[in-house]
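Me: I am new to this structure and would like to learn how to read it step by step. Could you take me through its features, giving the general idea before each case?

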Amino acid sequence: ADAALVEAFEATIAADERIEPRDWMPDDYRATLVRQIAQHAHSEIIGMQPEGNWITRAPSLRRKAILMAKVQDEAGHGAYLYSAAETLGVSRDELTEQLLTGRQKYSSIFNYPTLTWADMGAIGWLVDGAAIVNQVPITRCSYGPYARAMVRICKEESFHQRQGFEILHALARGTEAQRAMAQDAVDRWWWPSLMMFGPPDDESPHSAQSMAWGIKRFSNDELRQRFVDMAVPQAESLTLTLPDAELRWNEQRGHYDFGPIDWDEFWTVVKGNGPCNRQRMEHRRAAHADGAWVREAAAAYAAKQDARRVA
Ligand code: ACO
């Protein structure tokens, strides 16, 4: 590329200013953003399934209305993120194709089953809690459209996190059976939530370059630690325990120490062999096929409107 363009790009990154769609950018920077934003968008869309599973079985009308609103927000997040990715020159159709053929990933976390109502609480509290810790720094990402999309997404995620906390808070103060259900959900979701932050720093191939480009602001391990430090006092206020015997405050580090993560489980899930990978993808493919008539109708309508405008 033209040396002046490269220099302008590097100066923008060094000054911590934003790269915008019309600016020149290195091919690898563009490819990294497409990869990360697409994976993020796909996660929002696949992430509707585990909670969608409980909409018809929510324990009250109020809980049902809240859960429906939440799942609908996730569809909205997917839509903003696909739009952010489109500013990089890929189409939403291409990205959908990459998801459906398994060439692009989505977050490992959405391949775990939602067995009880308490899982709605644990997902909101832990999974959305982890998502916030990961995503707040992305509001300062060097790529403008991604950073701006993240502002609203983070506000909505914080409502999601509170609703999950409140579900667990109610169950933890309910009957013995409700309390046990809440504890069981936390036991099952804790470790997968820690895996959401990605592999350890020394096994994360993209981290160094993404941090140099200001796409990532903190490393996977830094954000994972921040999440643990936030979750421990919240678990105490819920009167629930986290399933890790090695969890304890380290005065010297000023952080909680925690036990080893099962990275074999993480890679098994990432490679497509987690408990629900197959089911999630089958469901998404079927939903996409079932929605073909809606896309055709919308395209026909848009064409008619365009023709009318020209006439
Ligand atoms: N699930 C699935 N795949 C993962 C996960 C995960 N939890 N963590 C890392 N990976 C993949 C990476 O995509 C990468 O694979 P690829 O090279 O085939 O793309 C590989 O593991 C190595 O990881 P890293 O080098 O650490 O990758 P990266 O720098 O992209 O960091 C991270 C991963 C932290 C997830 C980053 O992409 C990110 O912050 N993404 C935005 C947030 C996001 O996607 N959230 C989705 C879940 S939250 C929600 O939707 C509610």
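Me: Which residues come nearest to the ligand?
Reply: A residue is near a molecule if one of its heavy atoms lies within 4 Å of it. Of the 30 residues around the ligand, those that come nearest are Gln39, Lys105, Ser204, His206 and Lys216. Please keep in mind that this is a predicted model, in which local features need pLDDT of at least 70 and side-chain atom pairs count only at pLDDT 80 or more, while totals for chains, interfaces and linings use all residues. Residues are numbered from 1 along each chain as its sequence is written, and side-chain values use heavy atoms, with hydrogens and water left out.

Me: Which polar side-chain atom lies 2.3 Å from an oxygen atom of the ligand?
Reply: A polar contact is a pair of N or O atoms within 3.5 Å. Here the atom belongs to Lys105, and a polar side-chain atom of Asn134 lies 2.9 Å from an oxygen atom of the ligand.

Me: Which helix gives the most to the shell around the ligand?
Reply: Helices are DSSP runs (H or I, at least four residues), numbered from the N terminus. The helix α2 gives the most, with six residues, and α2 (27-46), α6 (118-135), α7 (144-172) and α11 (263-273) each supply at least two residues of this shell. By kind, the shell divides into 13 nonpolar, 12 polar and five charged residues, where Asp, Glu, Lys and Arg count as charged and Gly is among the polar ones.

Me: What lines the largest cavity?
Reply: On a 1 Å grid over the protein atoms alone, a cavity is a set of points where a 1.4 Å probe fits but cannot get out, and lining residues have an atom within 4 Å of a point. The structure holds one cavity of 30 Å³ or more, and about 40 Å³ of space lies in the largest cavity, a volume being the space filled by probe spheres set on the points. Its lining is made up of Arg63, Ile66, Leu67, Trp117, Gln163, Glu166 and Ile167, with α4 and α7 as the elements that give two or more residues.

Me: How many aromatic pairs does the structure hold?
Reply: A pair of aromatic rings is described by the distance of the centres and the angle of the planes. Rings of Phe, Tyr and Trp (its six-membered ring) pair if their centres lie within 6.5 Å, and planes under 30 degrees apart count as stacked, over 60 as edge-to-face and the rest as tilted. The structure holds 10 such pairs, including the edge-to-face pair of Trp125 and Phe165, at 6.5 Å centre to centre with 75° between the planes. Because Trp125 lies in helix α6 and Phe165 in helix α7, this pair ties together parts that are 40 residues apart in sequence.

Definitions and conventions: A polar contact is a pair of N or O atoms within 3.5 Å; within protein, one must be able to donate a hydrogen and the other to accept it, and residues adjacent in sequence count only if both atoms are side-chain atoms. On a 1 Å grid over the protein atoms alone, a cavity is a set of points where a 1.4 Å probe fits but cannot get out, and a pocket is an open set with protein on both sides within 12 Å along at least five of seven lines; lining residues have an atom within 4 Å of a point.
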